[in-house]
Amino acid sequence: MKLLFDQGTPAPLRDYLPEHSVDTLAEKGWSDKDNGELLDLAEREGYEILVTTDQNLRHQQNLAGRRIGVVVLLSTNWPEVRLRASEISQAIRAMRSGEFIEVPIRAE
């Protein structure tokens with residue numbers, strides 16, 4: 001799958017998702033885009049999933065009819081996110097277009 005990481009998503013997570021193609025907003029030059037424009041651009045570029053830490057996105061954007069899905073990580077803390085890499089990968093595999101999935105990130 002083709003994934004896009006937002007600014008809060010720890011970039012090292014891409015190393016735990018080798019079966020996916022991963023880009024970041026910074027790499028694409030899209031760091032200044034608002035959420036609606038970002039989702040439009042991502043879909044046009046063929047991204048299937050946005051991985052974000054923006055917990056408000058669900059309340060700001062309606063994904064009905066969209067081709068992209070959104071995985072929301074409930075932490076930006078890399079050591080905690082790393083421990084949940086398997087759960088994040090499972091959420092990505094289970095993702096369907098137009099869907100939000102939240103992945104709880106708890107400290108061990």
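This is a short walk through one protein model, from its overall build to a few single residues.

Hi everyone, thanks for coming. The model is a predicted one, so to speak of local features we need pLDDT of at least 70, and side-chain atom pairs count only at pLDDT 80 or more, while totals for chains, interfaces and linings use all residues. Residues are numbered from 1 along each chain as its sequence is written, and side-chain values use heavy atoms, with hydrogens and water left out.

Let's start with the whole protein. It has 5 helices and 5 strands; helices here are DSSP runs of H or I with at least four residues, strands are runs of E with at least two, and both are numbered from the N terminus. Following the sequence, the order is β-β-α-α-β-α-β-α-α-β. The radius of gyration is 13 Å, close to the 13 Å that the globule rule gives for 108 residues, so the protein is as compact as a globular protein of that length. That radius is taken over C-alpha atoms, and the rule is 2.2 Å times the number of residues to the power 0.38. The C-alpha trace spans about 35 × 25 × 25 Å along its principal axes.

What share of the 108 residues is buried? The figure is 44%, where buried means under 20% relative accessible area, exposed means over 50%, and partly exposed is in between, with a 1.4 Å probe and protein chains only. As for contacts (heavy atoms within 4.5 Å), take those between residues at least 6 apart in sequence: 54% of them join residues at least 24 apart.

Now to the inside. The largest nonpolar core holds 18 residues, and Leu13, Val71, Leu73, Ile88 and Ile92 have the most contacts within it. By nonpolar core I mean a set of buried Ala, Val, Leu, Ile, Met, Phe, Trp, Tyr and Cys residues joined through side-chain atoms within 4.5 Å. Two or more residues each come from β1 (2-5), β3 (49-52), β4 (69-73), α5 (85-94) and β5 (100-103). Helix α5 gives the largest share, 4 residues. A second, separate core has 15 residues, among them Leu25, Trp30, Leu38 and Ile68.

Look at Ile88 for a moment. Leaving aside residues up to four places away in sequence, Ile88 touches Leu13, Leu73, Val81, Val103 and Ile105.

Next, strand β4. Since 5 of the 5 residues of β4 are buried, the strand is largely enclosed by the rest of the structure. Gly69, Val71 and Leu73 point one way, Val70 and Val72 the other. Who are the neighbours? β3 pairs with β4 in the parallel sense over 4 bridges, where pairing means that DSSP finds at least two bridges between two strands. Within that pair, Val51 has Val71 as its bridge partner. β4 and β5 also run parallel, joined by 4 bridges, and Leu73 stands opposite Val103 in β5.

At 4% relative accessibility, Val103 counts as buried. Its contacts, again without residues up to four places away in sequence, are Val71, Val72, Leu73, Leu74, Glu87, Ile88 and Ala91.

Moving on to helix α2, residues 35-44: Gly36, Leu38, Leu39, Leu41, Ala42 and Glu43 are buried there. Their cover includes β1, α1 (25-28), β3 and β4. At the start of α2, a side-chain oxygen of Asp34 comes to within 3.3 Å of the backbone nitrogen of Gly36. Just after the helix, Gly46 takes a positive phi of about 85°.

Where is Arg66? Arg66 sits in the loop between α3 (57-60) and β4. Is Arg66 buried or exposed? With 17% relative accessibility, Arg66 counts as buried. Not counting residues up to four places away in sequence, Arg66 touches Gly36, Leu39, Asp40, Glu43, Ser97 and Gly98.

Last stop, Gln60 in helix α3. Gln60 is partly exposed, with a relative accessible area of 46%. The side chain of Gln60 makes a polar contact with the side chain of Asn35 at 2.8 Å. A polar contact is a pair of N or O atoms within 3.5 Å; within protein, one must be able to donate a hydrogen and the other to accept it, and residues adjacent in sequence count only if both atoms are side-chain atoms.

That's the tour, and I'm happy to take questions.
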